[in-house]
Amino acid sequence: FKSKYAESLKHLYDNNLRTFLANISTKIQGLLRGHHCRKMIRGEMKNSIAKLQELETHLYSTKIQQCLRSYLSRKKALNLAKERYAFFFEPRTEEPYWYDFYTKTITWEMPKFIENSHDGHIKYHRCP
């Protein structure tokens, strides 16, 4: 014989067990979803950081190329200016002047290509 009391206890126990298991499984699922979500976000962050580092490297290499090309352009312009102009001093007044071989003219003002030092060095601008 099964008593009504024993059946009601079993029914209550089964209901409590089902509720407990449902609550536990919900919490476990939530934790796993949270873990997967955090894992996915971490992965996306790592990818984003890697992309940013790659972009930063590209920007630095582009800046270095820009500075080098600028330097080489100034050097080429100065070499062309050296071929075109000659620097002299006026014997009587000791004032400097430049002779332009292409136009065969003399100017008392220094050409824009040449630095004030008169030694023919390239005028250097520091890259930002």
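Student: Why is E90 called buried?

Tutor: E90 has a relative accessible area of 15%, and buried means under 20%, with exposed set at over 50% and partly exposed in between (1.4 Å probe, protein chains only), so E90 counts as buried. Bear in mind that this is a predicted model, in which local features need pLDDT of at least 70 and side-chain atom pairs count only at pLDDT 80 or more, while totals for chains, interfaces and linings use all residues. Residues are numbered from 1 along each chain as its sequence is written, and side-chain values use heavy atoms, with hydrogens and water left out.

Student: What makes the contact between E90 and R92 a salt bridge?

Tutor: The closest N and O atoms of E90 and R92 are 3.5 Å apart, and a salt bridge requires a side-chain nitrogen of Lys or Arg within 4 Å of a carboxyl oxygen of Asp or Glu, so the pair qualifies. R92 itself is exposed, with a relative accessible area of 76%.

Student: Which residue does D100 meet in a salt bridge, and what does that pair tie together?

Tutor: D100 meets R84, at 3.0 Å from N to O. Because D100 lies in strand β2 (residues 96-100) and R84 in helix α1, the pair ties together parts that are 16 residues apart in sequence; helices (H or I, at least four residues) and strands (E, at least two) are DSSP runs, numbered from the N terminus.

Student: Are D100 and R84 buried or partly exposed?

Tutor: D100 is buried, at a relative accessible area of 4%, whereas R84, at 26%, is partly exposed.
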